[in-house]
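Please read them beside the model.

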Amino acid sequence: MPRRICWGNHRRRRALRHPRENSLLAMCVAVTVLAVVGAVNRSLTNFSTDPLLLLGIPAVVFFARGMLYARQRVNGVLISASQFPQVHRMVVDAARAFDLPHVPDAYVVAGHGQINAFASGHGFRRYVAINSDLFEVGQRLDDPETLRFVIGHEVGHIAAGHSSFWRQFGISVANIIPGVGSSLSRAQEYTADNHALAFCPEGMRGLRVLAAGKYLYPAVDFDEIADRARVEQGFFVTLVNLFSTHPVNTWRFAALRDRRRPGRVL
């Protein structure tokens, strides 16, 4: 039976969300609103239509999301009750655990050596895509807990509202400003990790695959990487983290291991 996360409980929902996420979201939305308002003001003042190009951002976001979804549908392998049924069960369990009204689609896509997965949507549809190299960890390498954790993470993004069209539009301008949109993204990754940990804590240490790849990760010490969060610091480490959409591995692993404090965003 899937672990029920009590998603209807407001305090539980708030506990799963990183404490800085909402404030960073507000900042990113404010950047987009100010950019659009400024563009309209300049067009009215200078009688120019060039700044109004910013008003086309919603159409660009809609088109990009539609293209991305279509690419998964026509190139990927749909995970279903007949195709990879064990993994399909994981997706269903995660959707039920987080009280989603609909089970998101899930696809296996060619990874070409990249260890990655993501969640997105188009219209009212939501979906998860898992690169084949990461998918193999749960299937070919017989580590279902790690794959279950990954699925909990991606479905957690959907449950937390990260794949919403209006959210993506609201942060679109901030995403092109170095260090601004990426800071919100890191907070969102911590939120998704919290969902994954609530859904499948047994798979947490499987994130070693992000550091060493799908074949070497079983020999990697999770705690040793987490311990290095205290010593691997400094100006350039801060810069690397600032411009990354995901928290650096040492900070991320430390946050998963030590639940007394949220993961570091900055």
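1. Helix α4 (residues 85-97) and α6 have axes that come within 9 Å and cross at roughly 40°. That makes α4 oblique to α6 (under 35 degrees is roughly parallel, over 145 roughly antiparallel, 65 to 115 roughly perpendicular, the rest oblique). Axes are lines fitted to C-alpha atoms, for helices over the stretch in contact, with angles from 0 to 180 degrees between N-to-C directions. Helices (H or I, at least four residues) and strands (E, at least two) are DSSP runs, numbered from the N terminus.

2. This is a predicted model, in which local features need pLDDT of at least 70 and side-chain atom pairs count only at pLDDT 80 or more, while totals for chains, interfaces and linings use all residues. Residues are numbered from 1 along each chain as its sequence is written, and side-chain values use heavy atoms, with hydrogens and water left out.

3. The crossing of α4 and α6 is right-handed (the near helix is turned clockwise from the far one by less than a right angle). On the α4 side the contact is made by Gln86, Val87, Met90, Val91, Asp93, Ala94 and Ala95, and on the α6 side by Pro144, Leu147, Arg148, Ile151 and Val155 (contact: heavy atoms within 4.5 Å). By class, the contact of α4 with α6 has nine nonpolar, one polar and two charged residues. Nonpolar covers Ala, Val, Leu, Ile, Met, Phe, Trp, Tyr, Cys and Pro; charged covers Asp, Glu, Lys and Arg; the others, Gly among them, are polar.

4. Helix α6 (residues 144-159) also packs on helix α9 (residues 181-199), with axes within 7 Å that cross at roughly 125°. That makes α6 oblique to α9. By class, the contact of α6 with α9 has six nonpolar, six polar and three charged residues.

5. The axes of α9 and α13 come within 11 Å and cross at roughly 40°. Glu189, Tyr190, Asp193 and Leu197 of α9 meet Trp251, Arg252, Ala255 and Leu256 of α13.
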